[in-house]
Every structure is written in C-alpha cells, then in structure tokens.
Amino acid sequence: MTTFVCINNLSDLSNDLENPKIFVKERLSGEKISGLFFYSNAVNEFLNEARLTEWLDYSLSEGISVYACRNSLIKRNISEKIDPLIKVVGLGQLIEGVLNNNKTIVIGSL
C-alpha cells in the first residue's frame, strides 16, 4: 500500500515535530510513502535551514519525493529560496498523488 502525504500546516504541531521521520512514521504505521506535498503554511518549513535539512535527509534516506506548492511559495514570497531537491509544482501534483496512491494523509489544517 502506498500513501501520499499532504502537509498543510505544522505550526500547531511544532512541539511534536522533533524529527520528520518519527513524525510521519507515527502517523502512517509502516506504510510506503510515495511523496510529501507541502502546501499552504507548511512551505515555511523550508525557511528554517535545520528543518529543511531534516526533511531532505528523511526524504533522501527513504526515497520519497518532496513537492512544494508553487502558489503557496509565491504567496509567501519564498519561491526563489527553495532548495533544488524540492520539486516546485502546482496543485495538479497533489491531485495526481491522491489518484495514484492507495491512501492520502493530510496533516494540519488550512
């Protein structure tokens, strides 16, 4: 079973978010993750160098693609500050992730 993860907002969960690997795995119980889609306020994770490194280390070690919503980045004026390992995409990628996986998990409210 594959799962696509849409991350909307992590600010309410900042105390629980010590390590992205633990954070995601606690919510997915061993399922294969096909992608992490950062949307809305979650794109702010990429502004913190330490957090960005943790997310990228996790995604590289597990072979998980990381996507960032282009409009969310533009709205926050951070589209030029994104690491090249993060794929800047539109909402079509979110739809594709939902349709091509067995399950979709949404973390955080809009």
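Visitor: What covers the buried residues of helix 1?
Guide: In this predicted model, the cover includes strand 1 (2-7), strand 2 (32-38), helix 2 (49-62) and strand 5 (103-107). Contact here means heavy atoms within 4.5 Å.

Visitor: Which residues of helix 1 are called buried?
Guide: Pro20, Phe23, Val24 and Leu28, in a helix that spans residues 20-28. The term requires under 20% relative accessible area, and these four residues are the ones listed as buried in helix 1.

Visitor: What is the order of the strands in the open sheet?
Guide: The 5 strands follow the order 4-3-2-1-5, with parallel pairing.

Visitor: Why is one side of strand 4 and of strand 5 left without a neighbour in the sheet?
Guide: Strand 4 (87-89) and strand 5 are at the edges and each has a single partner strand, so one side of each has no neighbour in the sheet.

Visitor: What makes strand 1 and strand 2 a pair?
Guide: Pairing requires at least two bridges; strand 1 and strand 2 are joined by 6 and run parallel, so by that definition they pair. Phe4, for instance, has Gly35 in strand 2 as its bridge partner.

Visitor: Which strands does helix 2 touch as it packs on the sheet?
Guide: Helix 2 touches strand 1, strand 2 and strand 3 (65-69), and its direction makes about 150° with that of strand 2.

Technical notes: Residues are numbered from 1 along each chain as its sequence is written. This is a predicted model: local features need pLDDT of at least 70, side-chain atom pairs count only at pLDDT 80 or more; totals for chains, interfaces and linings use all residues. Side-chain values use heavy atoms; hydrogens and water are left out. Buried means under 20% relative accessible area, exposed over 50%, partly exposed in between (1.4 Å probe, protein chains only). Helices (H or I, at least four residues) and strands (E, at least two) are DSSP runs, numbered from the N terminus. Axes are lines fitted to C-alpha atoms, for helices over the stretch in contact, and angles run from 0 to 180 degrees between N-to-C directions.
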